[in-house]
Amino acid sequence: MTLQSEPGDDGVTIVRMDGRLDLLIAAEVKQQLAELIASGHRRLIFDLDRVSVVDSSGLGALISGLKAARQAGGDLRIARANNQVRTLLSLTMLERVLRPYETLEEARAGYSQIVAD
Amino acid sequence: MIDRFWNDAVRIDRLPPEMWRNLFTTALAEVAANGLRHAYPPDTTRRPLRVRLRLFPDRVEALLIDHGAPYESPPSTYNAPDHETEVTLLPESGYGLFIARAALDSLRYRRSRNGYNCWKLVKKK
C-alpha cells in the first residue's frame, strides 16, 4: 500500500504517504482512496506533511478522492501541505474546494462542526 | 538537470526569489509529462525528449523537443471552480497545461516541418 491509513475514534481517518505524489503513483493513490471510501472511511484527512511534491496527476488523484468522499456523504481534507502544493492549488484555484488546513487539528475541527450541526 | 541549471544560473546572475524558480520548474515538469504522454504510445519504452534551458537578462526559456506524434489535443478546457462549483463535476485530469500556462508568461507549441514537436516556455524575471 502506498497510503497508510489511521482510523480515529471520531470517525475521521488520517491518510498518509511519503515522497512524490506525481504521475508515477497518482493512479494507485486514486484507487486506494476509492477503496478506503468504499469500505466506509468517508471522512478523510490527507496528511501531506511527508509529501514533497504534488503534480497535476497527483492533484487529479486528490480531486478524485474528494469527489468520491463527497458522493459517499463525507469529505476529504488536506493538511500540512508545503508551499509547492499550496502554489498548485492557488494556480488552479482548487483551494476554493480543497482548502489546505495548516494542522491536522484544524482539519479535524471542521469535521466535528459538521457532526454538531 | 533543472537543479543544475538553477545552481549555475544563480552563480552568474541575480534571479528572482525561489518561488519564481519553482513556478518555472513546475511548468517544465508539466509540459514535459504532457508532451511525452501525447507524443508516444503508452507502451513505448524509449521516449526521447530534448530539453534546452536558456538564461537571458530578462527571462528564462525552455525548449522541449520530441520526435513523437503531433500534438493534436484541444487546448485545456479547464474552468477554475468558484465557490458555487459542484465538486462532483470537477475534472480529474487535464490540469497540466493549465498549471503551466498559469505559471509562465508564455507557452507555445509548434510542429516543425521536419517532424518534431517543439514546446517553448518563457518566464520573465
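1. Contact between the chains. In this predicted model, 21 residues of chain B are in contact with 20 residues of chain A, contact meaning that the C-beta atoms of two residues, placed from the backbone, lie within 7 Å. On the chain B side, helix H2 (18–39) and helix H3 (96–103) each give two or more residues; helices here are DSSP runs of H or I with at least four residues, strands are E runs of at least two, and both are numbered from the N terminus. That side of chain B has twelve nonpolar, six polar and three charged residues.

2. Confidence and conventions. The model scores ipTM 0.84 and pTM 0.89. Chain B averages a pLDDT of 89, with 98% of its residues at 70 or above; pLDDT is the predictor's confidence in each residue, from 0 to 100. Local features need pLDDT of at least 70 and side-chain atom pairs count only at pLDDT 80 or more, while totals for chains, interfaces and linings use all residues. Residues are numbered from 1 along each chain as its sequence is written, and chains are lettered from A in the order in which they are written.

3. The sheet of chain A. Five strands form an open, mixed sheet in the order E1-E2-E4-E6-E7, where pairing requires at least two DSSP bridges between two strands. Strands E1 (4–7) and E7 (100–101) of chain A are the edges, each pairing on one side only. Strands E4 (43–47) and E6 (75–79) of chain A run parallel over five bridges; Ile45(A) has Arg77(A) as its bridge partner in E6(A).

4. Contacts of Ala103(B). Beyond its neighbours within four places in sequence, Ala103(B) is in contact with Leu91(A), Leu23(B), Phe24(B), Thr26(B) and Ala27(B).

Note on methods:
Nonpolar A, V, L, I, M, F, W, Y, C, P; charged D, E, K, R; others polar.
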